[in-house]
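The sequence and the coordinates come first.

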Amino acid sequence: MEAELKKIIQKTKVAILGSGSAGLSAAIYAARAELEPIVVSGYEEGGQLTLTTLVENYPGFSDGVLGPDLMTDMRKQAEKFGAKFIPVKVVSFARMPGGFRVGLDSGEEIDAACVIIATGASARFLNVPGETELVGRGVSTCATCDAYFYKGKSVAVIGGGDSACEESGTLSKFADKVTIIHRRNEMRASKIMQARVKANPKISFIWDTVVEEVLAGETKLRALKLKDLKTGKISEFPVDGMFLAVGHVPNTEAFRGVLDMDEHGFIKADKGMRTSVEGVFAAGDVADPRYKQAISAAGDGCKAALEAERYITSLSDKK
Ligand code: NDP
């Protein structure tokens, strides 16, 4: 393994950081353009889709496709055209004369003429007992992905932002009962989104309350242990599903101070996925607090690779 890593790590035209649908789609396009991309794939190869089961909204699969299978196939497609994968994590990023230096947690470095950042965002969790154990068995971070499985059931949505409203709206098309549980007594969501959920007869609210524990039944989530922050009262709230909408954390730690970001740490990119630094592109959730879909991330990855190809050509023209 060690020897293999040392052999691959070298100067490259394009380094792609991340292996979710944005990174893999960028890898397919960059490899087909004979840019011989190196993909730093991280430890959760395949990104957020590997955490889901059936994906029913990715175009082209009328019977749906398992998230992990889709990511495996995308990787195979990229490898077929010559993309190389390194299963390590990015820890640092710096501008260098003639390009960029990417530091890896293996202690090695990649020098790249241009970089596509597709490190994604991770759903924020509550960090309470029972939560991670029940992911996929009642705990979800994506109503668009999983609402369908809660037909006729009772679900809770945690959070008070636009995502909580949107997730609740999506869930209300399937579930019989949706309860938004929020830690304060007012939402931070936009007025229009709030009005929409408040007018929805299937959606109700529990205010000033936090989840203290996620309780398992025999095989899946059974109930939430709640704490009323005003009275301190603890109660059990039976539900079939808990959807987390407490924000996403973009994986942009390594790029702070080099690239422009918004106040939440999402990388700012234009329509061509160009960031504030020439030669650096950002694709997918790392630069997208709004849509956060596999298909839009894949589209971003394609655009980033096409722009990277143009950039590389412009560098050779300058020589
Ligand atoms: P936000 O950061 O806006 O909201 C997160 C919510 O989760 C807040 O209500 C926060 O509570 C709550 N929260 C955070 N941590 C915890 C915790 N540990 N325990 C309990 N509650 C917690 O994230 P969103 O994902 O909702 O939105 C992100 C961005 O995306 C926003 O800019 C939003 O406008 C945008 N967006 C736009 C949409 C649209 O226009 N259609 C749809 C979805 C998102 P508190 O309020 O107390 O801080």
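The protein exposes about 16100 Å² (Shrake-Rupley method, 1.4 Å probe), and carbon and sulfur atoms supply 50% of that area. The model is predicted: local features need pLDDT of at least 70, side-chain atom pairs count only at pLDDT 80 or more, and totals for chains, interfaces and linings use all residues. Residues are numbered from 1 along each chain as its sequence is written, and side-chain values use heavy atoms, with hydrogens and water left out.

**Overall shape**
- The radius of gyration, taken over C-alpha atoms, is 21 Å; this agrees with a compact globule of 319 residues, which would have a value near 20 Å (rule: 2.2 Å times the number of residues to the power 0.38).
- Along the principal axes, the C-alpha atoms fill a box of roughly 70 × 35 × 35 Å.

- Among contacts (heavy atoms within 4.5 Å) with a separation of 6 or more, 60% join residues 24 or more positions apart.

**Charge**
- There are 41 positive side chains (Lys and Arg) and 42 negative ones (Asp and Glu); His and the chain ends are not counted.
- The centres of the two sets lie 4 Å apart, with charges placed at NZ of Lys, CZ of Arg, CG of Asp or CD of Glu.

**Secondary structure**
- An open sheet of 5 strands runs in the order E10-E17-E11-E12-E13 with parallel pairing (at least two DSSP bridges between two strands).
- Its edge strands, E10 (139-140) and E13 (203-206), each pair on one side only.
- Within this sheet, E11 (residues 154-158) and E12 (residues 177-181) pair over 5 bridges, and Ala156 stands opposite Thr179 in E12.

Key:
Helices (H or I, at least four residues) and strands (E, at least two) are DSSP runs, numbered from the N terminus.
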